[in-house]
Each structure stands twice: as C-alpha cells, then as structure tokens.
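Please keep the sequence and the coordinates in view while reading.

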Amino acid sequence: QVQLVESGGGLVQPGGSLRLSCAASGMFFRGATMGWYRQAPGKQRELIAQITGGGRTNYADSVKGRFNISRDNAENTVDLQMNALEPEDSAVYYCYTPKYNYWGQGTQVTVSS
C-alpha cells in the first residue's frame with residue numbers, strides 16, 4: 001500500500017531555513033507527480049509546490065523564489081527546501097500524490113522568534 005512519510009519540520013526563526021523530506025513507498029514513484037501542500041489553522045489546505053515525474057516544477061506565488069522542490073527517484077523521496085521563512089509560512093506541511101490520491105501525515109513548521 002502507498003505510504004508517504006514526511007520529516008524535517010520544526011521551529012525556526014524568521015529568515016531561517018528548513019528542509020522537509022517525504023519518503024514514498026508502495027507506489028511507482030518515478031512516474032508520479034508529487035506535491036507539497038500546507039494548511040494553517042483556520043485556512044484551507046493549499047498547494048505550494050509540485051514536481052512532475054520528469055522534473056517539471058511549479059510553485060505558489062507566495063513561495064516562489066524562496067522554496068525549492070526536488071526529487072530523488074533512486075531514493076523515492078521528494079524534498080522541499082524552504083528559505084527566507086516568514087511567520088506566515090507556519091503551517092502543517094503535507095506530501096501528496098495525485099495519482100494515488102494519498103496524503104502523508106503532515107509535519108509542523110513554526111516560524112517564530
């Protein structure tokens with residue numbers, strides 16, 4: 001069965017960086033588009049970055065230029081490098097595969113001084 005396990009969340013000061021990782025199993029990872037979403041309290045879950053099986057990426061305007069999504073098809077992982085973090089980036093971050101319609105359990109990111 002499909003499993004997505006996120007890691008790398010935590011508390012960081014404004015302007016800092018974090019790297020999230022999502023480890024996938026039970027699926028054909030190489031050909032699957034993968035996405036990172038986030039959900040802040042009281043807000044809808046939103047797509048912030050996506051990468052196709054071929055490596056094409058797209059980003060939400062709110063994170064463009066600060067976040068970078070990448071994948072390692074040998075390790076079945078998709079990472080999200082987050083730089084210049086702002087308090088507004090605080091949320092639970094989720095990994096998602098639309099092909100299998102499966103979500104990870106989420107990892108909390110808190111940006112605060």
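Strand S8 has both of its faces covered: Thr 77, Asp 79 and Gln 81 on one side, and Val 78, Leu 80 and Met 82 on the other, are all buried (buried means under 20% relative accessible area with a 1.4 Å probe, protein chains only; exposed is over 50%, and partly exposed lies in between). Strands, like helices, are DSSP runs numbered from the N terminus, with at least two residues (E) for a strand and at least four (H or I) for a helix. Because six of the six residues of S8 (residues 77-82) are buried, this strand is largely enclosed by the rest of the structure.

The model is predicted, so local features need pLDDT of at least 70 and side-chain atom pairs pLDDT 80 or more, whereas totals for chains, interfaces and linings use all residues. Residues are numbered from 1 along each chain as its sequence is written, and side-chain values use heavy atoms, without hydrogens and water.

S8 pairs with S3 in the antiparallel sense over six bridges (two strands pair if DSSP finds at least two bridges between them), and Leu 20 stands opposite Leu 80 in S8. S7 and S8 also pair in the antiparallel sense over six bridges, with Leu 80 as the bridge partner of Ile 69. S7 and S8 form a hairpin with four residues between them, and Asn 76 in the turn has a positive phi of about 55°.

S3 (residues 18-25) is also joined to S1, in antiparallel fashion, by five bridges. Here Ser 7 stands opposite Ser 21 in S3.
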